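Here are my notes for you to read alongside the model. Have the picture open and take the points one by one.

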Amino acid sequence: VIRFIAPDGAASEEEIVIHVERYIAGRFGSRAASKLRGLICSGDDTGLRNFAYKLLKASHPWKDAENAVRVFLNPGFAKALRLRERAEAESRRTHATQAVLREVAPFFDVISALLPKRLAKEDVGEAIDYIKEQAQKYEGRFLRTLIMLKVASTCFWLGIATAREIASIVIAKAKSTPEKKAE
Amino acid sequence: MLSDMAIDPATAILQVLISGEAFGIEIGKRIEERTKGKLSFPQGTIYPLLRKLEREGLLKSREGEPLPERGGRPKIFYKLTAKGAAAAMENREIVTGLFPNPVRAS
């Protein structure tokens with residue numbers, strides 16, 4: 001059992017990395033230590049850094065640190081972790097999308113009941129598509145204000161489109177009536 | 001300059017539909033892509049125009065399958081009629097600079 005002693009039982013991410021690195025350097029040599037640093041601190045791979053931090057912090061008072069360190073030294077680990085990160089991101093996107101759609105669906109259902117069928121299918125359907133697309137893009141960080149803005153702009157355009165549709169029907173009827181009378 | 005020429009939305013729609021049928025959002029995206037963002041239409045502009053072009057006999061529409069994520073609403077796909085294709089080809093030369101993609105005869 002390896003113990004990494006943190007001064008007050010808590011440590012920053014960097015402190016943990018230094019602790020682990022020192023241990024690895026002493027136990028496995030400096031090449032292994034730099035490899036570990038490369039894995040944990042690899043530039044944009046914040047997922048791996050966070051995971052390293054959480055894993056090592058969770059192992060306080062560092063009883064399982066050796067196992068944790070061994071995991072980091074496994075070359076396949078980074079790849080497996082990236083795959084997991086990707087799956088988690090996908091899952092976050094799906095959850096965010098479902099949550100947003102659950103929120104807007106009842107509202108659009110009510111609006112659709114009041115609109116001509118064509119508008120309910122096309123305009124409302126595509127507004128839902130747009131909201132879904134945005135929710136996926138922003139992975140749950142999709143702002144509520146943006147959803148509301150989209151709903152409001154959809155209502156505005158639907159109002160105009162409905163008025164146009166009604167006007168075109170009335171005009172078409174008005175044109176056809178004199179023609180019928182003439183016949 | 002050709003790329004700065006004003007182009008009306010109906011012409012743009014007819015041009016992008018030369019390459020095959022599409023639904024509302026997709027038509028908007030195609031126009032943006034092919035003109036490299038020089039032309040884009042707000043949400044409310046495209047649908048009434050598509051319906052108008054359909055009434056004029058330039059486009060015909062068909063409903064796709066109802067989609068659960070749209071609350072059972074289907075997508076409405078549009079394609080050119082013979083009259084629409086002829087109109088699109090008439091304007092083709094004028095807007096070639098804006099729609100440089102190769103066309104497929106429909």
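1. Let's start with a term: a residue is buried under 20% relative accessible area, exposed over 50%, and partly exposed in between, using a 1.4 Å probe and protein chains only. A:R164, found in helix α7 of chain A, has 44% relative accessibility, so it counts as partly exposed. Leaving aside neighbours within four places in sequence, A:R164 is in contact with B:G44 and B:P48, where contact means heavy atoms within 4.5 Å.

2. Some housekeeping before we go on. This is a predicted model, in which local features need pLDDT of at least 70 and side-chain atom pairs count only at pLDDT 80 or more, while totals for chains, interfaces and linings use all residues. Residues are numbered from 1 along each chain as its sequence is written, chains are lettered from A and ligands numbered from 1 in the order in which they are written, and side-chain values use heavy atoms, with hydrogens and water left out.

3. Now look at A:T162, which sits in helix α7 (residues 144-182) of chain A. Is A:T162 buried or exposed? Its relative accessibility is 16%, so A:T162 counts as buried. Not counting residues up to four places away in sequence, A:T162 touches A:L115, A:P116 and A:L119.

4. On to chain B as a whole. Chain B has four helices and three strands, in the order α-β-α-α-β-β-α along the sequence; here helices (H or I, at least four residues) and strands (E, at least two) are DSSP runs, numbered from the N terminus. Of its 106 residues, 49% are buried. Take the contacts in chain B between residues at least 6 apart in sequence: 56% of them join residues at least 24 apart.

5. Next, zoom in on α2(B). B:G24, B:I25, B:I27, B:G28, B:R30, B:I31 and B:R34 are buried there. Just after α2(B), B:K36 takes a positive phi of about 50°.

6. How do α1(B) and α2(B) pack? Helix α1 (residues 9-17) of chain B meets α2(B) at an angle of about 90°, and their axes are 10 Å apart. Axes are lines fitted to C-alpha atoms, for helices over the stretch in contact, and angles run from 0 to 180 degrees between N-to-C directions. The two helices are therefore roughly perpendicular: angles under 35 degrees count as roughly parallel, over 145 as roughly antiparallel, 65 to 115 as roughly perpendicular and the rest as oblique. From α1(B) come B:A12, B:I13, B:Q15, B:V16 and B:L17, and from α2(B) come B:I27, B:R30, B:I31 and B:R34.

7. α2(B) also meets a helix of the other chain. The axes of α6 (residues 117-138) of chain A and α2 (residues 24-34) of chain B come within 9 Å and cross at roughly 60°, so α6(A) and α2(B) are oblique to each other. On the α6(A) side you'll find A:E126, A:D129, A:Y130 and A:E133, which meet B:G24, B:I25 and B:K29.

8. Finally, step back to the contact between the chains. It takes 27 residues from chain A and 22 residues from chain B. Chain A and chain B bury about 2000 Å² between them, with 44% of it on carbon and sulfur atoms; buried area is the accessible area (1.4 Å probe) that two parts lose on being put together, summed over both. In chain A, A:R118, A:K121 and A:E126 lose the most area to chain B, together 31% of what that side buries.
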